[in-house]
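My notes below are in the order I looked things up.

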Amino acid sequence: MEDNITASFDDSVTLFNTYEDYLDSKVTPLDLFYLDSRELARQLVELGYKGGNVLSKRKFEARRAAAEAAEAAEANALSNKTIPLTLASAGKELKDNFLKALAEREEANRSGKKTSVIFIRDHNAVGQEVSGYIDYAHRLKTEDFEPYFSGKKRLMPRRSDLCYQNWKTQMSTSNSSPNYQVIYDNPTGLLFKNKRDRKILNVDPWAAPGESSTRTPLQSDLYIQVVFYDHITRTA
C-alpha cells in the first residue's frame with residue numbers, strides 16, 4: 001500500500017514546475033551524450049533504470065499539491081499574526097549607501113514580504129578579488145547583523161552563499177538556500193528560482209530581472225560593485 005501522501009510529502013517536489021522537470025533533474029549530461037534523446041533519458045529514469053527512489057507521475061503531482069497546500073496554510077497563518085520584529089538597523093546612524101539600502105530592506109526580508117539577493121564584488125582580507133550572490137533573508141535568519149550596521153564588520157560573499165567566486169584562486173561554489181534554487185546550467189546564464197512562488201530571478205545585467213523582481217545597482221564606498229535584486233514574494 002502506498003505511503004500516506006499528505007503525511008510524508010517531500011517539500012523538494014515544489015522545486016519543479018512539472019513532472020518532466022523532476023525527471024530532468026535526475027538526467028546527467030553523460031546520459032544525454034550516450035542516449036541522444038532527452039525523452040528516452042526521462043523514460044529510463046521513470047522506469048527506475050537509473051536507480052534510487054523515483055516518484056511516479058501520480059505520486060509527484062499528489063505530493064506537490066500537498067506541499068503547496070501546506071505552504072499556503074503556513075503563509076495564511078503568518079499573515080494573520082502581528083509579530084513584532086527586532087531590527088538590527090534600528091537606531092543606527094548609517095552613512096554609506098549600501099548600509100542604508102540594507103536597512104531599507106531589513107524589515108521586508110525578515111517578515112517574508114521580500115527575498116532580496118545581493119551581488120557584491122570586492123577584495124577579501126588577503127587582497128583577492130571575490131564576488132558572490134547573497135540570500136539576504138537567509139543571512140538575516142542565520143547571523144547577527146548588528147556588527148554590519150554598526151560598521152564593525154563588512155558583509156562579504158561566502159562559499160556557503162548562493163554563488164561565490166574567488167577570481168585569484170578560481171574557486172567557485174553554488175548552493176541553493178531556503179529561499180532560492182540555483183540554476184547554474186541555463187544556456188543564457190545564471191538564474192535563481194524562488195522556492196515560494198517558483199518565479200525566476202534573472203541576474204543578467206542585460207536582461208529583465210523577471211516577474212515581481214527589480215534590479216538596483218548601487219554606488220558604495222565600501223565595495224567595488226553592489227547590485228540589489230529585490231523579489232516580492234506571493235503570500236496567498
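These entries go from the whole chain to the sheet, then to one helix and the cores.

**Overview.** I kept in mind that this is a predicted model. I counted 8 helices and 9 strands in the chain. Of its 236 residues, 39% count as buried. I also checked how far apart in sequence the contacts reach: among those between residues at least 6 apart, 53% join residues at least 24 apart.

**Sheet.** Next I traced the strand order. I got an open sheet of 6 strands, running β4-β3-β2-β1-β9-β8 with antiparallel pairing. Which strands stand at the edges? They are β4 (171-174) and β8 (213-218); each has a single partner strand, so one side of each is left without a neighbour in the sheet. From one strand to the next, I noted a twist that averages 10 degrees.

I then zoomed in on one pair. β2 (residues 129-135) and β3 (residues 163-166) are joined over 4 bridges, in the antiparallel sense. Tyr-133 has Cys-163 in β3 as its bridge partner. I also looked for a helix on the sheet and found α6 (residues 97-111), which touches β1 (114-123), β8 and β9 (225-232). The direction of α6 makes about 155 degrees with that of β1.

**Helix α4.** I went through residues 38-46 and marked Ala-41, Arg-42 and Val-45 as buried. Looking down the axis of α4, I saw its buried residues fall within an arc of 100 degrees, so they line one face of the helix. What do they pack against? The buried residues of α4 pack against α2 (19-24) and α3 (29-35). After α4 comes Gly-48, with a positive phi near 90 degrees.

I kept the general rule in mind: in soluble globular proteins, nonpolar side chains tend to be buried together. Here the largest nonpolar core has 21 residues, and Phe-98, Leu-102, Ile-118, Ile-120, Phe-145 and Leu-155 touch the most other members. At least two residues of this core come from each of α6, β1, β2, α7 (136-142), α8 (146-149) and β9. Which element gives the most? That is α6, with 4 residues.

I clicked on Phe-145 and, leaving out residues up to four places away in sequence, listed Ala-88, Leu-102, Tyr-136, Arg-139, Leu-140 and Leu-155 as touching Phe-145.

Methods. Residues are numbered from 1 along each chain as its sequence is written. This is a predicted model: local features need pLDDT of at least 70, side-chain atom pairs count only at pLDDT 80 or more; totals for chains, interfaces and linings use all residues. Side-chain values use heavy atoms; hydrogens and water are left out. Two strands pair if DSSP finds at least two bridges between them. Axes are lines fitted to C-alpha atoms, for helices over the stretch in contact, and angles run from 0 to 180 degrees between N-to-C directions. Contact means heavy atoms within 4.5 Å. Buried means under 20% relative accessible area, exposed over 50%, partly exposed in between (1.4 Å probe, protein chains only). The arc is that of the directions from the helix axis to the C-beta atoms. A nonpolar core is a set of buried Ala, Val, Leu, Ile, Met, Phe, Trp, Tyr and Cys residues joined through side-chain atoms within 4.5 Å.
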